[in-house]
Amino acid sequence: MDKALLHFDNTYARDLEGFFTPWQAAAAPAPRLLLLNYALAEELGLDSVALDSDLGAAIFSGNQVPEGSHPLAQAYAGHQFGHFSPQLGDGRALLLGELIDRHGRRRDMQLKGSGRTPFSRGGDGKAVLGPVLREYVIGEAMHALGIPTTRALAAVTTGETVRRETWLPGAILTRIAASHIRVGTFQFFAARNENARVKQLADYTIARHYPTLKGADNPYLELFAAVSAAQSALIARWMLIGFIHGVMNTDNMSIAGETIDYGPCAFMDNYDPETVFSSIDAHGRYAYAHQPLIAQWNLTRFAETLMDLVHPDRDEAVRLLTEQINEFPKLYTRHWLDGMRAKMGLATSEDGDLALAQALLSAMEGQNADYTQVFRGLSAAARGDPAQVRAHFANPAPFDLWLVQWQARLAHENTTAAARAAAMDQVNPLYIPRNHKVEEALAAATLDQDLTPFKALLAVLEQPFAERPGLESYAQPAPEDFGPFKTFCGT
């Protein structure tokens, strides 16, 4: 029966021998399907009704290997908080294979939390329910917000408990990605001076993700430029919605330009550029405002792996790649400013727009001003009622000064106030994964075996821009008694 459910191709296994270890998932004693993403299943051309079954639970737990699947653990290295680890790899994940979706796109299907592999480095290779559900809901929220991301196809419980701080229900996430090739994948082979394999991986990456580069004069330099461009657009989108990844190690940077590995991630409430949620980011390396700089740092590590491919003369390779690295801030700023113009209701471009956007952020800083609510409230101000957004500032004087500048800038636009406000409401979300709402949903699922709050939250986040009656609590920041929020990797 499963033969008709999943039609795998396996180019990674076929074309990149030596880049992985074939492996099987650990047996799950009593798998149960908790969540199946029907919309994503449809996009992938899968029979969601047939998968919403005991057979689906068996497949998504790794207990049954579908025909055509060749499970494998991928090898990669990575800089973790700036320190290089030459061997990381899929310590608790298995790539089942690749699917071609209804749009002709090749997508990886991976199990995450399926047990030990040769890359587990002493870990148990398991996942627990809370982090699995966190990745599920945050990834789906990011997708609804229009941000490139890996997505969750299914979540199962395994029927066993897993030891963390205490005993917790074991779970497995089925993750869909454009691919799981990372900066760290290139680093794994470059660190071993296996230049032929770096070239093999680069050629595979170009063929899979950037096929228009095949005929380029210097395809490897162009590959770096393409990845840099994709990452500049991605990080700008993170910043525009107040998303903090929390662990931007090079093994967590996708070559395909998707958000990957939702561990200690969170959304910022009050605007503070130094916001950190991750419990392991003691020095704020991956704070909100640092994310563009870290992306450039990670891309520099990627560039180092490509030097021998870019030019036989090392000095010339350094020069060419450095030129591209130095383009990143310009690319990022262009994407970020385009997004900020849309958030502020500007359909045209003027030289002072960057300063105007930065002035609004400066006005918000130190004011306990909720980032999401301020930008959402600007549409009311565009309609002529600034009181709603003004109320978010503990001291509204800086906002009042900015408001005058903004209104003068809006006078240069040709759109009507109603059209402008409507356009702003399509880019400034009303509903984001508020940290307290996420924690409430995860606690109910983990402690009470009640998925009702989680499913309700998921339904709200599927339409982040559309205001709906009865959902007011989902648009509010955390109550004061929620306290300082910390996130954990969950590994």
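A salt bridge is a side-chain nitrogen of Lys or Arg within 4 Å of a carboxyl oxygen of Asp or Glu. In this structure, D9, R14, E98, R106, D108 and R208 are linked in a network of such bridges. The model is predicted: local features need pLDDT of at least 70, side-chain atom pairs count only at pLDDT 80 or more, and totals for chains, interfaces and linings use all residues. Residues are numbered from 1 along each chain as its sequence is written, and side-chain values use heavy atoms, with hydrogens and water left out.

**Salt bridges**

The structure holds 38 salt bridges. Three of them are listed here.

| Pair | Closest N to O distance |
|---|---|
| R208 and E98 | 3.8 Å |
| E439 and R134 | 2.2 Å |

Helices (H or I, at least four residues) and strands (E, at least two) are DSSP runs, numbered from the N terminus. R208 and E98 form a salt bridge that links helix α7 (residues 195–209) with strand β6 (residues 93–100), 110 residues apart. Both R208 and E98 are buried, where buried means under 20% relative accessible area, exposed over 50%, and partly exposed in between (1.4 Å probe, protein chains only).

The salt bridge between E439 and R134 joins helix α17 to helix α5 across 305 residues. E439 is partly exposed, at 27% relative accessible area, whereas R134 is buried at 9%. R175 and D261 are both buried.

**Aromatic rings**

Rings of Phe, Tyr and Trp (its six-membered ring) pair if their centres lie within 6.5 Å; planes under 30 degrees apart count as stacked, over 60 as edge-to-face and the rest as tilted. By this rule there are 18 aromatic pairs. One is edge-to-face, with Y136 and F454 at 6.1 Å centre to centre and 70° between the planes. Y136 belongs to helix α5 (residues 129–144) and F454 to helix α18 (residues 452–461), so this pair ties together parts 318 residues apart in sequence. Y136 is buried, with a relative accessible area of 2%, and F454 is buried, with 1%. The ring centres of Y271 and Y371 are 6.0 Å apart with planes at 25°, so that pair is stacked. Another group, W238, F243, Y262 and F267, forms one aromatic cluster.

**Nonpolar cores**

A nonpolar core is a set of buried Ala, Val, Leu, Ile, Met, Phe, Trp, Tyr and Cys residues joined through side-chain atoms within 4.5 Å. The largest has 129 residues, of which W336, M364, W406 and F454 touch the most other members. Helix α8 (residues 219–241) gives the most to this core, with 13 residues. Apart from it lies another core of 24 residues, among them F8, L51, L111 and V156.

Contact means heavy atoms within 4.5 Å. T446 is found in helix α17 (residues 435–448) and is buried, at 15% relative accessible area. Leaving aside neighbours within four places in sequence, T446 is in contact with L129, G130, L168 and P169. T157 lies in strand β9 (residues 151–163) and counts as buried at 12% relative accessibility. Not counting residues up to four places away in sequence, T157 touches A30, P31, R32, L34, L129, G170 and A171.
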